[in-house]
Amino acid sequence: MGVVGAVLGPEAEALVRLRVAAGRLRREVPADEHWAFAYSMLHRVSRSFALVIQQLGPDLRNAVCVFYLVLRALDTVEDDTSIPTEVKVPILQEFHHHIYNRDWHFSCGTKDYKILMDKFHYVLTAFLELGSGYQEAIEEITRRMGAGMAKFICKEVETVDDYDEYCHYVAGLVGIGLSRLFHAAGLEDLAPESLSNSMGLFLQKVNITRDYLEDINEIPKSRMFWPREIWSKYVDKLEDLKYEENSVKAVKCLNEMVTNGLIHTEDCLRYMSALKDIAVLRFCAIPQVMALATYALCYNNVNVFRGVVKMRRGECFVIQMT
């Protein structure tokens, strides 16, 4: 522990170190307008990912930044409930073609996501500057994810198998895509898809479990991805879990959801133990450690159904700078 840590504690020290690292990253961002937009937008739509990406070297970092924003744009189309299904499905299915056309535009989403979509040509310009190996990986994952999202537009998550399939499309493919980017950068061997998939499933299942109350209360009503096969053991309707009279049943259901997510931890450890590049290892390990800590907070915790259950920002900083 340094002087700051000795005086103010490890969380304050981590915050200082993180701000220094963020300043270094800003100086390393290419000066071009499209790259400035990409990194600025990354920070706006996912501050935690924008911090973790600092672990990577410039070439791979640019590819991962673009990869994230392309998939975030795809997700924005999926999430926008105002888009008619007959319009949305073809866009999702063809999105991997659109990324090669810097003039392609489709306005949707709200707040920062609308800005991302309205100025998506900046992201596409950055994409077209990447090496072919990076482009091919991003195109392939975008194609597979778009097809999966289109499939689930009209399909509910009924069984645990449905849950795993949905999480594969929206997050497991992210893990697979990142493995391909690491390989394209010449830093890692190409990991088995099953292990890469588990890396994404673990993170996605943590988010779905933790965000129950926020999602169930969303207006207009959000789609829910807790599998009926699990929650129907405890209540007649998924929203019944939030009512105080069902607290005991809700916690039992919550614990089953957490246990389901923990199934993937062995694969995650096997994946990370095979990584050779220390920067890639840190990039992968930080979200996994934070997710595991979040599960620890959620387990047996009725507050998941009462309010926000998250790690303190200072605790996150300590993990990211350890």
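**Salt bridges in the predicted model**

Asp 112 is partly exposed, with a relative accessibility of 22%. The structure described here is a predicted model. In this model, Asp 112 forms a salt bridge with Arg 44, with a distance of 2.9 Å from N to O. The two residues belong to distant parts of the chain: Asp 112 is in helix H7 (residues 111-118) and Arg 44 is in helix H3 (residues 33-45), 68 residues apart. Arg 44 is likewise classed as partly exposed, at 43% relative accessibility.

Side chains of opposite charge can pair when their charged atoms come close. The number of salt bridges found is 13. One of the pairs lies within a single helix: Arg 72 and Asp 75 are both part of helix H5 (residues 58-79) and are separated by three residues, about one turn of the helix. The closest N and O atoms of this pair are 3.6 Å apart. Asp 75 has a relative accessibility of 18% and, because this value is under the 20% limit, counts as buried. Arg 72, at 21%, is partly exposed.

A further salt bridge joins Lys 233 and Glu 256, whose closest N and O atoms are 2.7 Å apart. This pair also links distant parts of the chain, since Glu 256 is in helix H14 (residues 247-262) and Lys 233 is in the loop between helix H13 (228-231) and H14, 23 residues apart. Glu 256 is partly exposed at 22% relative accessible area, whereas Lys 233, at 53%, is exposed because its value is over 50%.

Methods
Residues numbered from 1 in each chain as written. Predicted model: local features only at pLDDT ≥ 70, side-chain atom pairs only at ≥ 80, totals over all residues. Heavy atoms only, no water. Salt bridge = Lys/Arg side-chain N within 4 Å of Asp/Glu carboxyl O. Helix = DSSP H or I, 4+ residues; strand = E, 2+ residues; numbered from the N terminus. Buried < 20%, exposed > 50% of the residue type's maximum accessible area, 1.4 Å probe, protein only.
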